[in-house]
Structures are given as structure tokens and as C-alpha cells.
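Dear colleague,

Please find the structure below. My notes on it follow directly after.

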Amino acid sequence: MINVINTELLLEEMKTDGHAPLKFLCDNNKIYYCKYLNAYNRQELNLLAYEMISSHLLSRLSIPTPDVALVRITEETLTKNKIHYNRRLRVGNICFGSQEIKPAQELQAIQTFSKYDFNRISNPSDLVKIAMFDLWTNNVDRGRTFEGGINYNLLIASEMDKQKIYAFDNAFTFGGVDEIGIFNENTQPNGYNKLVLSPFYRDIIQYISVEDFKFIVDNFIPLLSISYKKLINEIMDQLPTEWELTINLKDRIDKFLTNEKRISSIKSIILRSKL
């Protein structure tokens, strides 16, 4: 069951090159980064469904990711002088919400990681799994280069004397905006502009032995062949009708994820990344 919560106080609008999420304190006393529609094309609401599905798939695969919810915009919480990009948002709209993780910082493209830094990461194997997940779901945003750096969409959270990697912001899975309504199982995976070819990924996996790397891959790839149709259907059935999702989205996602040719290609790409 997806939690449905309500906004209580708008803290700020985040400045990003994507959805520009609104940071709300909600009625469960937690802070959420909330996304709706800041473009003219209402089909882009499909990205909210992609994000909800991807978040639940990450959780099902035991990959750390923030808790998510459907967030209803309530009266007197849309503070107009704090909003620039989300002016289409109205009271009663339901957003995708990602719960804040603290203390944590977003991975920056300028960071480099040494063996010392590697030893401080509690879950380096999850980075390999995230790279496979992104190929599986065709996440075209994590690892994307842009003027001034690389978009990682990874959080580094402090936990005791270690740091833990979290995958967040999964809206551009299934090909993102350019493939809304047209992505299908015939789209073969590739590593271009993805985590698997990024400097951070290379910095980390160089310290994972070949044997351990192969063990991670061999134990994760079979999980991608499992049908997640029931989970996908349950999530889709709970999403708001106002999002106006494209037809046959459930079936297209299921066929996309279960295509064995794609999964075989993912394994080949990941194994080559360690060569």
C-alpha cells in the first residue's frame, strides 16, 4: 500500500535542471521532496509513475532508496512567493514524494574516491546493483553528463563511521521524456550516459576484486528475470487518475523488464565494465 499524506508547510522550491521539487513538511512530521508537473506537456506526469514504480522495485531488490509516498497539496501550503517552476500546481493535486534522508549529501561530479573513501562505504556492492538496475529500467538520467558535470542522483548518507549509498530521483527510467508512450521490450540496453560508464563507478569498482564483482553480478542478474507484474499492477492501481497515464503502461513495463535478451545484454555490459 502506498502511503498518502498531506502537506503542512512549504519550506522551499529546489533549483534543479529537472522537476524542481518542492520541499514540504508533511502531516506525518517528515520532510518530502515533492514532484508534479512543471512542463506544458501533461504526458510528463508519466514520469511520476515511473519514479513510483522504480522506487518500489529498488526496495524489492534490497537496494537503498528513500521512502516514497503520494503527497496531497492542502489549503494554504502553496506559498506563491516561494514558487517559480511549479506554478501549475494546485490545491488538491497529488504529487510524488520522496522522504528526506538526513544526514546525507548528493554525490557531486567533482568528487574523487580513494581506497580510504572506498573502505568507508558500507555498501559498495549496491553501486554495481544500481548500475545494473539502471540498464534494466533504461534510466537515462543517472550518469548523464551536462555542462559542468555529471548527474549522479546518488545520496551519500552518514551512518555511524560509515557512508551508505542511496539511489534517488528515478523519474527518467523507461527512457524518460523522449520515450513516453513508445518504449518497448525491443529497446536494447546500452551504457551511454549511464552510471556504468561514469568516473564514480570506475573509482569504486576498481577496489572490488574480480571474484567479488562476478559474485555480485551472478547473484543479482537472476532477480531481473523474475516477474514483478503483480507489484507493478498494485502500484499502478493506486496512482491518481489525474496523472492521465499512457495506455497499456502496465503491460509495456512488464514486457520491457522481463525480456531475456535485454537481461543477457545487461550482464555482458556490466561484466565488461570490470575489464
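Two strands are said to pair if DSSP finds at least two bridges between them; strands (E, at least two residues) and helices (H or I, at least four) are DSSP runs, numbered from the N terminus. This is a predicted model, in which local features need pLDDT of at least 70 and side-chain atom pairs count only at pLDDT 80 or more, while totals for chains, interfaces and linings use all residues. Residues are numbered from 1 along each chain as its sequence is written, and side-chain values use heavy atoms, with hydrogens and water left out.

By that criterion, β6 pairs with β9 (residues 154–159) in the antiparallel sense over three bridges. Within this pair, E106 stands opposite L155 of β9. Both strands belong to an open, antiparallel sheet of three strands, ordered β6-β9-β10. Because β6 (104–106) and β10 (162–167) each have a single partner strand, they stand at the edges, and one side of each is left without a neighbour in the sheet.

The loop between β5 (94–99) and β6 contains P103. The peptide bond leading from K102 to P103 is cis, with omega near -10°.

N29, with phi of about 70°, is located in the loop between β2 (22–26) and β3 (31–35). At 66% relative accessibility, N29 counts as exposed (over 50% relative accessible area with a 1.4 Å probe, protein chains only; buried is under 20%, and partly exposed is in between). N248 has phi near 60° and sits in the loop between α6 (229–238) and α7 (249–258).

Yours sincerely
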